[in-house]
Every structure is written in C-alpha cells, then in structure tokens.
Amino acid sequence: MSGVMKRMGMIFRAKANKALDRAEDPRETLDYSYQKQLELLQKVRRGVADVATSRKRLELQLNQLQSQSTKLEDQGRKALALGREDLAREALSRRAALQQQVTDLETQHSTLQGEEEKLTLAAQRLQAKVDAFRTKKETIKATYTAAQAQTRIGEAFSGISEEMGDVGMAIQRAEDKTAQLQARAGAIDELLASGALDDQSGMHKDDIQAELDRLSGGTDVELELQRMKAELAGGTTDQQAIEGGTSQQQSQQQSQQQPQDTPRFDKQ
C-alpha cells in the first residue's frame, strides 16, 4: 500500500510540475525575482540607516559626557584654588566616572561605525548586483519575446499552430463537401439525361417524347380546324369525310417531311 501511495504521489507531483511549467512565464518570474532583490536592498539600506542613527546618538552622548567632564575639571580646579580640596576631590571623582562612560561609548561607537561601513559596502555591492540583474532581466525578456513572436509567425506560415490548424481543417471540410455535392449533381444530370432516373415532377422529357408530343398536338389542331370549316360552310359531313380529310392531311404532312433529314436523337 505504501508503494502505491508513493507512486501516486510521484505521478501527482510530475503532473503538477508539468502544469506549472506550462503556466510559468519566464518574464513574470524574472520580474518577481527583481522585485524580491529590490526588497532585500531596501532592507539593507534600512539597516544602514538604523546603524547610522545609533552611531549618531552615541556621538551626541559622547559630546555631552565630554562637556560634563570638562566642566567638572574646571570646577575642581576652582575649588582647589579656593582651598576646598574636598570639593576638588569630589569633582575629580565624578569626572573619572564620566571618563569611564566616555570610554565605553567610544568603544560602542567604533563598533557601530565598523558595522555601518560593512553594511554600506554590502548595500553598494547588492545595488550593483541588482542593476546587473535588471539589465540581464530586460535582455532575457526581450529575447524571449522576440523568440515567441518568431515562433508564432513561423507556426502561422507553416500552418501548424492550433488556430491555423482549425482553419485548415474547416477549409478541408468545405472543399470535401463541395466536391461531394458537385459529384452528386453531375451524377444526377447523367442519370436524368440517360432516362435511368425518372423525373417525378413530370417536368423533364427527353427529345423523342418531346417530338411525339409535338406531332400529336399538331394533329389535334388540324382536326379541330376541319370541323370548324365544315360548320361555317353550312354543310354536314359524316365521320368518314372528316376521317378522309384527316388522312389526306396526314398524307400531305408526310410528303412535306420526306425531303427533310431524319431527325437524330442523340443522347446528351
């Protein structure tokens, strides 16, 4: 069970690392690192300022103690001149205690001054490193941006990018559908022309059927014309006379059509 859990943990970490790698932008990472360095530099500068402030306070205290020491020395000298040896001794004792404090403060002042110099030097070095990092950061960002743009342009020209791939697939589907419709339309036209596919609407007719319909329609018109002539003439004719006239008319039509070439009915 522990082996399975370790394997699951490794798989999860691997997938999380891959997802983070895809989501990471080097430019953002560089900007974040630069911001952290600026914060560190600001802390170092604040430390230098704090040490310098402490040194300045010690200097003020030293000045005050030295002033008091000088004053006590003058007072002891005046007391001794007036014959007050006891007061002169007390003034010199207090002056000796102040001198011990001055010595301790001077030692602290030297220590703070050394720390201040170290921090100032460290701040200067850190400032130089931050400036160099900023220059390198901007160079890397510009190079990365140019490489990214060049890659996108190359993918656009080659058609391997995701967007161009979708466009290419859509164009291919449109071309395939167009070719399929053209092939279907051509096949239907060929079937209709050959008569293999009947037109259910009755609108399409081949050449032979159209010629037969034309001849039949012409005959009906001639028969109706003969009947009207007979009625206008006032005579009565029986059915045989009409049929005789019809036969004669058909004979005339056949004699007129004999010199003409036999119509050809080629399949389109």
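Visitor: Where in the protein is confidence lowest, and where is it highest?
Guide: This is a predicted model, and its confidence is lowest in helix α6, residues 239-257, with a mean of 51. Confidence is highest in α2, at 87.

Visitor: What about residues 254-268?
Guide: The pLDDT is below 50 over that stretch. Residues 254-268 have six contacts in the model beyond near neighbours in sequence.

Visitor: And what is the mean pLDDT of the protein?
Guide: The mean is 76, and 69% of the residues reach 70 or more.

Visitor: What share of the residues is buried?
Guide: Of the 268 residues in the protein, 12% are buried. The accessible surface comes to about 21,600 Å². Carbon and sulfur atoms account for 54% of that surface.

Visitor: Which residues make up the largest nonpolar core?
Guide: That core has eight residues: Leu30, Tyr34, Leu41, Val44, Ala123, Leu126, Val130 and Phe133.

Visitor: Which helices supply them?
Guide: Helices α2 (26-81) and α3 each supply at least two residues of this core.

Visitor: Take Ala123. What does it touch?
Guide: Ala123 touches Leu41 and Val44, leaving aside residues up to four places away in sequence. Leu41 and Val44 are also members of the largest nonpolar core.

Visitor: Now His109. Which helix is it in?
Guide: His109 lies in helix α3.

Visitor: Buried or exposed?
Guide: His109 has a relative accessible area of 13%. Buried means under 20%, so His109 counts as buried.

Visitor: Which residues does His109 touch?
Guide: Not counting residues up to four places away in sequence, His109 touches Arg55, Leu58, Glu59 and Leu62.

Visitor: Switching to Lys137. Where does it sit?
Guide: Lys137 is in helix α3, which covers residues 85-158.

Visitor: It's a lysine. Is it buried or exposed?
Guide: Lys137 is buried, with a relative accessible area of 4%. Leu30 and Tyr34 are both listed in the largest nonpolar core.

Visitor: How far is Ser33 from Lys137?
Guide: Their C-alpha atoms are separated by 9.4 Å, although Ser33 and Lys137 are 104 residues apart along the chain. Ser33 lies in helix α2.

Visitor: Why does Ser33 count as partly exposed?
Guide: Ser33 has 27% relative accessibility. Partly exposed runs between the 20% limit for buried and the 50% limit for exposed, so Ser33 falls in that class.

Visitor: What share of contacts joins residues at least 24 apart?
Guide: Among contacts between residues at least 6 apart in sequence, 78% join residues at least 24 apart.

Visitor: Last topic, the surface. Which residues make the nonpolar patch of about 300 Å²?
Guide: Val4, Met5 and Met8 make that patch. Val4 is placed in helix α1, residues 2-23. With a relative accessible area of 47%, Val4 is partly exposed.

Terms used:
Residues are numbered from 1 along each chain as its sequence is written. This is a predicted model: local features need pLDDT of at least 70, side-chain atom pairs count only at pLDDT 80 or more; totals for chains, interfaces and linings use all residues. Side-chain values use heavy atoms; hydrogens and water are left out. Patches are made of residues with over 30% relative accessible area and no salt bridge: like charges are joined within 9 Å, nonpolar side chains (Val, Leu, Ile, Met, Phe, Trp, Tyr) within 5 Å. Accessible areas come from the Shrake-Rupley method with a 1.4 Å probe; for residues, only the protein chains shown count as cover. A salt bridge is a side-chain nitrogen of Lys or Arg within 4 Å of a carboxyl oxygen of Asp or Glu. Helices (H or I, at least four residues) and strands (E, at least two) are DSSP runs, numbered from the N terminus. Buried means under 20% relative accessible area, exposed over 50%, partly exposed in between (1.4 Å probe, protein chains only). A nonpolar core is a set of buried Ala, Val, Leu, Ile, Met, Phe, Trp, Tyr and Cys residues joined through side-chain atoms within 4.5 Å. Contact means heavy atoms within 4.5 Å. pLDDT is the predictor's confidence in each residue, from 0 to 100.
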